[in-house]
Amino acid sequence: MSFDNPWIHGLVMGLILANVALVITGYSIWFERKFAGRMQNRPGPSVVGPWGLLQPLADALKLLQKEDIVPRSADRALFNLAPPLTVFCALSALAVVPVGPGVIVADLHIGILFALAMGSLTVFPVWMAGWASNTKYALLGAMRSAAQSISYEIPLLLSATVPIILADSFRITDIVNAQLGGKWFALWPPGPGIAAFALFFLCSLAEANRIPFDIPEAESELVSGVSTEYTGMKWGLFQLAEYLHTFIISLVATTLFLGGWDGPGDNDGIIWMAIKSLTLFAGIFWIRWSFMRYRADQLMAICWKFFLPLGLVLVMLTALWVHLI
Amino acid sequence: MMLWLGFSLISLVILNGALNVVKSDDLVHTVFWLALTLLGTAALFVHLDAEFLAAVQVLLYTGGVVTLMLFGVMLTRRVSEVRIVHGTANKVRAIASALAVFGAIVLAVVRDKQTAHAVATDLADTEALGIMVFQDMVLPFELLSLLLLAAMVGAIALARKVDPS
């Protein structure tokens, strides 16, 4: 049994990468609160540990101690099944994302499709939770989330088609390799590349229900949407899944459009992947604390009347580019 | 051996899911069982090395099932109180027709061993699949999209409020 065995390789890599992703996700919540604090001219968490660094641990402990409440009228089985399933769907997309040269759990030849399919599966546990809670706010949140996910999936797939055409492969490793040496897809077909990157990024935000597309859990209208009836660690799992999803979006967007681990000159390596993806991740927080959320009908209008035609045009332009050059 | 074991396990999941789609008396549970059945089918594709088909199965069918679910909840009033009644009067006829369909499929596969095999090996290769759909069979493919377009236009025509003037 050596490390070349796909089972051993997958298990070891999966354990390492999943844990790294979970730690980064935990600390991203600390980072976001600090960041938001600085943007609003206040210190953010600063009491627990130096610079408030132990805050995520304290929060996790607090969540674990909270009382676990299942509403009497809830559908018990589905209610309990939904939170772990959301984390499962969010985390499984990580399996096909290469973090560095050879640092990947499973290098599938349909990698990007797998990642997008797993992202689209998230709608099931969300709907499950909204339905099983048996209250109007949770159900409304779930319906909004489902409608949003299946709509934004189409421009998301179209924008992901652009790097697939350029690299001539579904395998994410091949897509990164095609960009090595500074030929990032966000820059190289000048115009369509950066537009496809923006489209992919925005549609991913919509799929992960992040501001400005977070109407499924709009606090001012729906209490907190799908997770309204959840307490303690089950609520925590929903939060975890959302941040995890956001982190994995940053990773996938980096590999598809920003050259993955490609650095200046010959300095390729995981460090560049980390810098780029974490910058994108921080950018998502920046967006969250700078913009308001859209209205539900505006959200749908943007998707069908602007993003979808844009995606189609970009795919055609890219195909033309590849054909001519 | 591994092939058999994997196939049997996945089949069990699919059959169990499909059975529960029919048996469950809660509309929303039915939908989740249907999703499980379709995911099982995707797993079967992976097991047969047709990863592309598996990914497309998940991407398209999950979207389809979610849409179904939304319509089910939006169009049915008080879904939670609706209990689906499973009739027993048609049992014999139902079993007979199910067996007939099963027999037809088995017959088609057994008789046409060669085609079944050829298609299976072709499907495993994403590139071959692309060439087959977009070059060799591009006309049927486009006709199929026309059919979908017709269905969509029909749906919009049905759903649109008629202008009284």
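I count a residue as buried if 20 or more other C-beta atoms lie within 10 Å of its own, as exposed if 12 or fewer do, and as partly exposed in between, with C-beta atoms placed from the backbone. What I have open is a predicted model, in which local features need pLDDT of at least 70 and side-chain atom pairs count only at pLDDT 80 or more, while totals for chains, interfaces and linings use all residues. Residues are numbered from 1 along each chain as its sequence is written, and chains are lettered from A and ligands numbered from 1 in the order in which they are written.

**Entry: F79(A)**

I looked up F79(A) and found it in helix α3 of chain A, where helices (H or I, at least four residues) and strands (E, at least two) are DSSP runs numbered from the N terminus. F79(A) is buried, since 21 other C-beta atoms lie within 10 Å. With neighbours within four places in sequence left aside, F79(A) is in contact with V70(A), A74(A), A132(A) and S133(A).

**Entry: α3(A) against α5(A)**

Axes here are lines fitted to C-alpha atoms, for helices over the stretch in contact, and angles run from 0 to 180 degrees between N-to-C directions. On that basis α3 (residues 76-92) and α5 (residues 123-133) of chain A pack at about 160°, with axes 8 Å apart. The two helices α3(A) and α5(A) are therefore roughly antiparallel; angles under 35 degrees count as roughly parallel, over 145 as roughly antiparallel, 65 to 115 as roughly perpendicular and the rest as oblique. The crossing of α3(A) and α5(A) is left-handed, a term used if the near helix is turned anticlockwise from the far one by less than a right angle, with right-handed used if clockwise. Among the residues making the contact I listed L78(A), F79(A), A82(A) and L85(A) from α3(A), and V126(A), A129(A) and A132(A) from α5(A). By class the contact has twelve nonpolar, two polar and no charged residues, where Ala, Val, Leu, Ile, Met, Phe, Trp, Tyr, Cys and Pro count as nonpolar, Asp, Glu, Lys and Arg as charged, and the others, Gly among them, as polar.

**Entry: α4(A) against α6(A)**

The crossing of α4(A) and α6(A) is right-handed. I112(A), L116(A) and S120(A) of α4(A) meet residues of α6(A) that include E153(A), L156(A) and I164(A), and the classes are six nonpolar, two polar and one charged.

I checked the length of α8(A), residues 192-207: at 1.5 Å a residue its 16 residues should span 22 Å, and the end C-alpha atoms are 22 Å apart, which agrees; the expected span is 1.5 Å times one less than the number of residues. Since 13 of its 16 residues are buried, α8(A) is largely enclosed by the rest of the structure. Just after α8(A), N209(A) takes a positive phi of about 60°. The axes of α8(A) and α10 (residues 232-257) of chain A come within 11 Å and cross at roughly 165°, which makes α8(A) roughly antiparallel to α10(A). F197(A), F200(A), F201(A) and S204(A) of α8(A) meet I249(A), A253(A), L256(A) and F257(A) of α10(A), which divide into seven nonpolar, one polar and no charged residues.

**Entry: the loop between α1 and α2 of chain A**

N41(A), in the loop between α1 (6-39) and α2 (55-65) of chain A, has a positive phi near 60° without being a glycine, and it counts as exposed with 6 C-beta neighbours inside 10 Å. W51(A), also not a glycine, has a positive phi of about 55° and counts as partly exposed with 13 C-beta neighbours inside 10 Å.

**Entry: chain B and its side towards chain A**

Chain B has seven helices and zero strands, and 16% of its 165 residues count as buried. I found 15 residues of chain B in contact with 20 residues of chain A. The largest share of that side of chain B, eleven residues, comes from α3(B).

Notes: Contact = placed C-beta atoms within 7 Å.
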